[in-house]
Amino acid sequence: MATKVRHTYGSSRQNRKITAPSSPISTLSSSPPPNDSKKRSLDDFFSNKLPSAKRPKIEKTEKQQPQKQKQKTLTQLHFCIDQSIVRTCTLCGLAYTKGADEDEALHKKQCARVQKGMEWGREEEKDAMKAGVQEVASGVKLKDGKKGRIVCIRADVKGKIGSKLSALLETVNFALSASPLSQSVLKVSKAYILLLPTAIPTRERIIGCVVAQSIETAMAIVTSSPDASADTVIMHVDHSTSISCDPIPLPTPLGIPRIFVSSSHRLLGVATALLNAAAATFVHGCVLDPGKVAFSQTTGDGVHLMRKWGCTRMYDEDKTESESR
Ligand SMILES: CC(C)(COP(=O)(O)OP(=O)(O)OC[C@H]1O[C@@H](n2cnc3c(N)ncnc32)[C@H](O)[C@@H]1OP(=O)(O)O)[C@@H](O)C(=O)NCCC(=O)NCCS
Ligand SMILES: [Zn+2]
């Protein structure tokens, strides 16, 4: 029996990191990587590796120079040492071109957002009522003792809150090397955001986000495949790991296509609090069991989280997108 393989952002991420030195997103740009084949090292320059016509004739010129020419004005030359200028930041995972102003600025912005999260301030609060922002949990206690609140927003919201959410999702997609969610998916989704107070009373920080999508069906994860004839669907987690799913579609009301917590706030229970909030409020008047929630593509960290939270289903995000178009 056939085994279907779904290629997900978990697997494509590895490739993209190598082939695309920076920004895959429209607003983000980068310089092309340096063309190594055209570069020469200083060793090459002063060795016999160069064609003789291009080799500097140092000895001959010195011997033939008349004494008076030694007084000639000297010019300071600056050598650019040949080395790769594409850097991959270990903090945010972004590959960018060092020395290219636009790339460096983009990296600085992305790095800060990935580590500390984005701000939620007065402007957002002013627009909150109009945008239908709902507080679904308050006094949410994290493992470090800090307390935050969770707000829920329609994922296709417009206006100031819409711009903020777009910027947030852009950062999340960029960090996951995932493609943007289509308008049709956003239309049936809600974003849950955990806000933490800052030293400035009018400002909070967005430290985590879950996109919760209304879906029809998902597949059960099969832990091992003792039944060799099982017609499984393989969902990639990363380049070395994958999860097998039973292709029988199970009615499933809630899918999680994106989940992200800023790196300085991980393992504090932020993702768990956001998933609990989504499961409790996504379907009005019905608290969903984690077993009735599915993740789409995921990562290694995501699998740990899924297991701990009790999620046992996955769904194909690309399939739901094409179906809902
Ligand atoms: C995956 C992610 C959202 C988890 O967020 P989080 O706020 O750190 O998760 P929680 O603190 O709620 O973790 C809950 C449980 O999940 C497990 N877990 C989460 N991250 C883990 C990790 N990196 N390694 C091992 N276990 C992990 C733990 O069992 C944890 O409970 P415990 O700390 O009591 O043992 C976060 O690591 C992240 O944003 N990663 C980058 C984006 C990503 O990979 N998203 C998933 C793809 S959709
Ligand atoms: Zn960085």
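Which residues of the largest nonpolar core touch the most other members? The legends below take up this point and others in a predicted model.

**Figure 1. The largest nonpolar core of the predicted model.** This core holds 69 residues. Those touching the most other members are Ile153, Tyr192, Ile193, Leu194, Val210, Leu274 and Ala278. Leaving aside residues up to four places away in sequence, tyrosine 192 touches Ile150, Cys152, Cys209, Val210, Ala212, Leu274, Ala277 and Ala278. Across the protein, 34% of the 325 residues count as buried.

**Figure 2. The shell around ligand 1.** The shell has 19 residues, and Arg266, Ala271, Thr272, Gly302 and His304 come nearest to the ligand. Two or more residues each are given by strand 12 (254-261), helix 8 (270-281) and helix 9 (300-309). Helix 9 supplies the largest share, five residues. By residue class, the shell divides into nine nonpolar, six polar and four charged.

**Figure 3. Valine 303 in helix 9.** Valine 303 counts as partly exposed because 18 other C-beta atoms lie within 10 Å, whereas a buried residue would need 20 or more. With residues up to four places away in sequence not counted, valine 303 touches Val237 and Thr298. Isoleucine 243 stands 60 residues from valine 303 in sequence, and the C-alpha to C-alpha distance between the two is 9.3 Å.

**Figure 4. The hairpin of strands 10 and 11.** Strand 10 (residues 233-236) pairs with strand 11 (residues 242-251) in the antiparallel sense, over four bridges. Histidine 236 is placed opposite serine 242, a residue of strand 11. In a regular strand, side chains alternate between the two faces of the sheet.

**Figure 5. The whole protein, with confidence and contacts.** The average pLDDT of the protein is 80, and 72% of the residues score at least 70. Residues 7-64 have a pLDDT below 50. Beyond near neighbours in sequence, this stretch has 69 contacts in the model. The secondary structure comes to 10 helices and 14 strands. Of the contacts in the protein with a separation of 6 or more, 69% are between residues 24 or more positions apart.

Definitions and conventions:
Residues are numbered from 1 along each chain as its sequence is written. Chains are lettered from A and ligands numbered from 1 in the order in which they are written. A residue is near a molecule or strand if its C-beta atom, placed from the backbone, lies within 6 Å of it. Ala, Val, Leu, Ile, Met, Phe, Trp, Tyr, Cys and Pro count as nonpolar, Asp, Glu, Lys and Arg as charged, and the others, Gly among them, as polar. pLDDT is the predictor's confidence in each residue, from 0 to 100. Two residues are in contact if their C-beta atoms, placed from the backbone, lie within 7 Å. A nonpolar core is a set of buried Ala, Val, Leu, Ile, Met, Phe, Trp, Tyr and Cys residues joined through C-beta atoms within 7 Å. A residue is buried if 20 or more other C-beta atoms lie within 10 Å of its own, exposed if 12 or fewer, and partly exposed in between; C-beta atoms are placed from the backbone. Two strands pair if DSSP finds at least two bridges between them.
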